[in-house]
Amino acid sequence: MKTLILVRHGKSSWEYSVGDKDRPLLQRGINDAHLVSDHFNEQSIPIDATFSSPANRALHTGMIFVRQLYFPLDKFRVVNELYDFSGEYVLQFIKDLDDDLNTVLIFGHNHAFTYIANSLGNTYIENVPTSGLVQLEFDIENWNSVEKGITKQTIFPKQIRG
């Protein structure tokens, strides 16, 4: 059994004259990442590794989750291929994961994450929102054979706020 947890970065700011990779989170993005990570942490799901896009907004979201989940920082990796908006590189990254890893948490971007959630999950999601979490499960032993699985859960900030 393999579990993939996708988390789209928090709401980011367009207010600064910086390149796309350097855009920071807005306060709402920080708050929503705390909200979703706290909610997810209540489930005590063991995670083997976390990976993030190198974009500031994804890294910051990842750091909030890592702290809230008390996840060891030495198991957190930045991966250039996760700075992907189509999903092509993200899917290849997933298929190339080490088979010793059973539960993986990835921080990245749309439209890639909505595409992956819909391609690999069994529940249609119109759009994975900022700070949104999608947990997918696969009855496989090797990541390279990943295909349609089960959408185990979604945790979106609006669901928690009500």
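In the predicted model, R28 forms a salt bridge with D32, with 3.5 Å between the closest N and O atoms, a salt bridge being a side-chain nitrogen of Lys or Arg within 4 Å of a carboxyl oxygen of Asp or Glu. Because R28 and D32 are 4 residues apart in helix α1, about one helical turn separates them; helices (H or I, at least four residues) and strands (E, at least two) are taken here as DSSP runs, numbered from the N terminus. R28 counts as partly exposed at 44% relative accessibility, whereas D32 is buried, with a relative accessible area of 3%; buried means under 20% relative accessible area, exposed over 50%, and partly exposed in between, with a 1.4 Å probe and protein chains only. The model is a predicted one, in which local features need pLDDT of at least 70 and side-chain atom pairs count only at pLDDT 80 or more, while totals for chains, interfaces and linings use all residues. Residues are numbered from 1 along each chain as its sequence is written, and side-chain values use heavy atoms, with hydrogens and water left out.

D32 also forms a salt bridge with R161, the closest N and O atoms being 2.5 Å apart. Since R161 lies in helix α5 (residues 157-161) and D32 in helix α1, this pair ties together parts that are 129 residues apart in sequence. R161 is partly exposed, with a relative accessible area of 44%. Salt bridges that share partners also join D20, R23 and R57 into one network. The structure holds 4 salt bridges.

The strands form an open sheet of 6, in the order β3-β2-β4-β1-β5-β6 and with mixed pairing, where two strands pair if DSSP finds at least two bridges between them. Its edge strands, β3 (76-78) and β6 (150-155), each pair on one side only. On average, neighbouring strands of this sheet are turned by 20 degrees against each other, direction ignored; axes are lines fitted to C-alpha atoms, for helices over the stretch in contact, and angles run from 0 to 180 degrees between N-to-C directions. Strand β2 and strand β4 (residues 103-108) pair in the parallel sense over 4 bridges, and T50 stands opposite L105 in β4.

Helix α4 (residues 112-120) packs on the sheet, touching β1 (2-8), β4, β5 (133-138) and β6, and its direction makes about 150 degrees with that of β1; contact means heavy atoms within 4.5 Å. The buried residues of α4 include A112, F113, T114, I116, A117 and L120, and what covers the buried residues of this helix includes β1, α3 (88-95), β4, β5 and β6. L4, which lies in strand β1, is buried, with a relative accessible area of 0%. Not counting residues up to four places away in sequence, L4 touches I94, V104, I106, I116, L120, V134, Q135, L136, F138 and W143. The C-alpha atoms of L4 and T151, which are 147 residues apart along the chain, are separated by 9.7 Å.

Two loop residues were also examined. The side chain of D84 reaches the backbone nitrogen of V90 at 3.0 Å. Not counting residues up to four places away in sequence, D84 touches Y89, V90, H109 and A112.

Q43, by contrast, is found in the loop between α1 (27-41) and β2 (49-52), and is partly exposed, with a relative accessible area of 33%. Q43 touches Q135, Q153 and I155, not counting residues up to four places away in sequence. The C-alpha atoms of Q43 and R8, 35 residues apart along the chain, are separated by 19 Å.

Definitions and conventions. A polar contact is a pair of N or O atoms within 3.5 Å; within protein, one must be able to donate a hydrogen and the other to accept it, and residues adjacent in sequence count only if both atoms are side-chain atoms.
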